[in-house]
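Hello,

Below is the structure I said I would pass on. My notes on it follow.

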Protein chains: 2
Amino acid sequence: MTTDYKPYNTVLRLWFMIHRTHDMLKMCEDQVFGEYKLTREQYILLLAIMYLGEPARPTDIARWVGRSTNSVSMLVDRMVKAGLLKRVRDRSDRRVVNVFITSKGNTAIEPATRAGWEYVWKIISPLPDEDKHTLIRLLEQVQYEASSYLNQGADIEGIMRNEAKSCDNLMQRLIAYLG
Amino acid sequence: MTTDYKPYNTVLRLWFMIHRTHDMLKMCEDQVFGEYKLTREQYILLLAIMYLGEPARPTDIARWVGRSTNSVSMLVDRMVKAGLLKRVRDRSDRRVVNVFITSKGNTAIEPATRAGWEYVWKIISPLPDEDKHTLIRLLEQVQYEASSYLNQGADIEGIMRNEAKSCDNLMQRLIAYLG
């Protein structure tokens, strides 16, 4: 009887494992960035602004982090209150809000990035190199399927290429930043 | 010059890919469950209560979904307002809150689970079986490292075995539920 369930089981299990692995890394990251009085979300927002360049606009940040502009605006609110960001209205168009990192935010980001990097190295580097490359390749395949689901009829190869390019760009910047 | 960056690049890229794959699946799931007027978060909460059995307590739900009791309580609030859950104080201990799924919640959960399953199948099943098993095995290794990081000095093999058991349990229930 149980053998009938096997293929379903593998599919469900893999789906579950992708989410679960993310959840566990997220817990680690909350712990790592918590040392610098940052939540993981706040750290990612600072990283997005650093990547996009200052001043950044909530709509651009939202696109970069894959969240709604509304939820990014709420997070920006809390980070303004925490003294990590400042928000300035654009002089030429008052409807536009520009977001800057404060000196407090800038002071937190450097050691947090360094600690984050040490943690990523600790978790990921023990995997043999061949396994790392295999894992990247297989996750790319899942992403390809997800992208086809989300962007039906679009040029998925093109979307994936752009994604890979902006990912590489971020990696290079992070590595340069970490010296 | 760039070859110096290579190992760092692979490590960072893999870390990024795990989160990115999760994010993309999350976007798909918001779309899938949105058809049933549920957010992905709300669906997972309903699933948790179904799994834990009714009535469920916010602390147990929080442990199951890997979030804080506080954030689960806020989500329960919103779902009570949306008519998906009802909340009843325990008769023997008034401090304890019991959470039940309403008939509206129950009506949504069955087609949402079916649609969710169809989507998971669509995304995951195209991968060759061997790749599926490889991906599961490699993600388990990353989880092992993350678990060692989170639970220093603990019996990681034991924790992983318990995780796998409760995951299997959930899979079996889902498969039985879907008939």
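**What was found**

From the N terminus, the elements of chain A follow the order α-α-α-α-β-β-α-α-α, which comes to 7 helices and 2 strands. Helices (H or I, at least four residues) and strands (E, at least two) are DSSP runs, numbered from the N terminus. This is a predicted model, in which local features need pLDDT of at least 70 and side-chain atom pairs count only at pLDDT 80 or more, while totals for chains, interfaces and linings use all residues. Residues are numbered from 1 along each chain as its sequence is written, and chains are lettered from A and ligands numbered from 1 in the order in which they are written.

The C-alpha trace of chain A spans about 65 × 40 × 30 Å along its principal axes.

The contact between the chains takes 49 residues from chain B and 49 residues from chain A; two residues are in contact if their C-beta atoms, placed from the backbone, lie within 7 Å. On the side of chain B that touches chain A, α1(B) gives the most, with 21 residues.

Within chain B, helix α3 (residues 58-65) and helix α4 (residues 69-81) pack at an angle of about 110 degrees, with their axes 8 Å apart. Axes are lines fitted to C-alpha atoms, for helices over the stretch in contact, and angles run from 0 to 180 degrees between N-to-C directions. α3(B) is therefore roughly perpendicular to α4(B), a term for angles of 65 to 115 degrees. Residues making this contact include B:Pro58 and B:Ile61 of α3(B) and B:Val72 and B:Val76 of α4(B).

Regards

Definitions and conventions
Parallel < 35°, antiparallel > 145°, perpendicular 65-115°, else oblique.
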